Amino acid sequence: MLTSPAAEPVPQPVIQEAVNKLADRLLSMRDPSGAWRGHLSSSALATATAISAMATNGDAVDKDRLLRGTQWLIADQHTDGGWGDSPDSPSNLSTTLLCLAALRLGGHESSTVDRTRAYVSQHAGQTPAQWVAALQRHYGVDRTFAVPILANLALAGLVPWDLIPPLPFSLAAFPRALYRMLRLEVVSYALPALIAIGTRLAHEQARRGILSQWARPKALAKLPALQPSHGGFLDAVPLTSFVAMSLAGLPDAPAGVTGKCLAFLRSRQRDDGSWPIDTDLAVWLTTASVAALSEAGLRHRLDGSPVGAWIAAAQHQQIHPYTGATPGGWAWTDFPGGVPDADDTSGAILALAALECPAPIEAGVHWLLSLQNRDGGFPTFCSGWGKLPFDHSAPEITAHAIRAMHVSIRVACTAPVYRAIPRALRYLADTQAADGSWRPLWFGNQHTPDHASRVFGTARVLRALAAVPQRTPTGGRAVQYLLDQQNTDGGWGGCRGVESSIEETALAVSALTDWRARPQTCAATHAGVRYLLRGIAAGAIDRPAPIGLYFSSLWYSEKLYPIIWTLEALGRTIKTTEK
């Protein structure tokens, strides 16, 4: 419990002034459509894979792009010789190996390469067999990312093809409904990589089995149908790059796929030579911005804005070719590569409810309900997969879905919602850790021992528990967990003792405002508000922390996260005080 002067309440006019300034700034960052596109951190991993894709395909028009990308990589190399996922991330083996392959394929030999090899030797050994073993230890049974890395290394002549485990590309030739039964060894969204890399491995390893021979043309024929109109699979630079480099020189590569991949990569390179991990998180950021303005009592500032129509237009209207998702959901972006998911669909429902745009909500809720797993939780993409990363039930996704279902009762079919919410609450109770916390799936903290941010996960769940009518022991234990994790500076990091961040502090404050019956909760909230106000004054709000986790646990930061979440936290503090 904090009892210092920092725990005293901040005068409301001071908070309101900060809220108004943050709202002004956030509103100024919209594009002409009324949406927020944000700015993802540049990525050494994405930059390396894009360089490899262009180098293996050898198009002369990419010479300058390769040079600028390589120069960015060299400038971003850490003093230990490695690279992290974002410029603010510590070095890791996966990203460093991909950078080594990119430098090799790009024909760059210098002290940069020597330092890279030294880092790899220190963390994985000196031989290709040791590198393969190190990656397999890290990723375990999931081949979604380990095999693409190894294939990239093989294309660069750094690892023999026969050391790489095969990918069961032949399974892609079967109907989608059989994927779970066939125990697909990569997650659903990685089908393009499964096909392209799997067939390249079979080609290089000279596998001529009957099943492989039968499935190969059928699997490759699926790639054009899976490819979005602009060429970018998932709108993701790494996935698109892995497909392009794997098809390079493959005799039976489907016509046009590689060219569209390269066109997408060219369009996504930044002026400084780098690439981000994905195009943007426009739907996620736009719905979160609407929610923050609404929570701060400033929804009227969106009057006359086309943002509601923009969110409605981003709703998917066709069955998705990767996951088989039915119409009604939302992806993280409105670009063609997005895949509908539970978290973004929940965010869209909450935003549309705040904007009083009910028309798309019912279809969205029905879509969301179809994803609920047998354990009562909600996964990211596909109901029932359950065993591989990003396709199993997750606490923060389930909490978001509870809030969305709760607000939808006014406009959606209520009977299924009334059945789904108690099941979801039981899932949260069953997955709560002994210390009262929950570990999120899509967010973390690079500085905690297990890279988890249980502060983030617990704050998200508390918002859901406060939204439903009943208060449970589950919520009380979660509140105590957040109180116990607060640092002496008034902020929160991933856990107590880990450096506080604007993002995690804002989420903790926002959650605790609903649970201020106890004096210690009020004191903690006041101290958190002071931390946020100091951060605004010191410019910390312009230094986003890499707390986001992309596919395969790749770290990223997003410029708008500190602004959106701080606005929401400070605005909610005022609203709950006025009640």
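**Reading burial, charge and helix span**

Reader: What makes E503 stand without a salt bridge, and is it buried or exposed?

Author: E503 is buried and has no salt bridge, the nearest side chain of opposite charge, R543, being 9.8 Å away. Buried means under 20% relative accessible area, with exposed over 50% and partly exposed in between (1.4 Å probe, protein chains only). A salt bridge needs a side-chain nitrogen of Lys or Arg within 4 Å of a carboxyl oxygen of Asp or Glu, where Lys and Arg count as positive and Asp and Glu as negative, while His and the chain ends are not counted. This is a predicted model, in which local features need pLDDT of at least 70 and side-chain atom pairs count only at pLDDT 80 or more, whereas totals for chains, interfaces and linings use all residues. Side-chain values use heavy atoms, with hydrogens and water left out, and residues are numbered from 1 along each chain as its sequence is written.

Reader: Which backbone nitrogen lies 2.8 Å from a polar atom of the side chain of E503?

Author: That nitrogen belongs to A545.

Reader: How do you know that α18 is largely enclosed by the rest of the structure?

Author: Twelve of its 14 residues are buried, so α18 is largely enclosed; among the buried ones are F456, R460 and L465. Helices (H or I, at least four residues) and strands (E, at least two) are DSSP runs, numbered from the N terminus.

Note on methods: A polar contact is a pair of N or O atoms within 3.5 Å; within protein, one must be able to donate a hydrogen and the other to accept it, and residues adjacent in sequence count only if both atoms are side-chain atoms.
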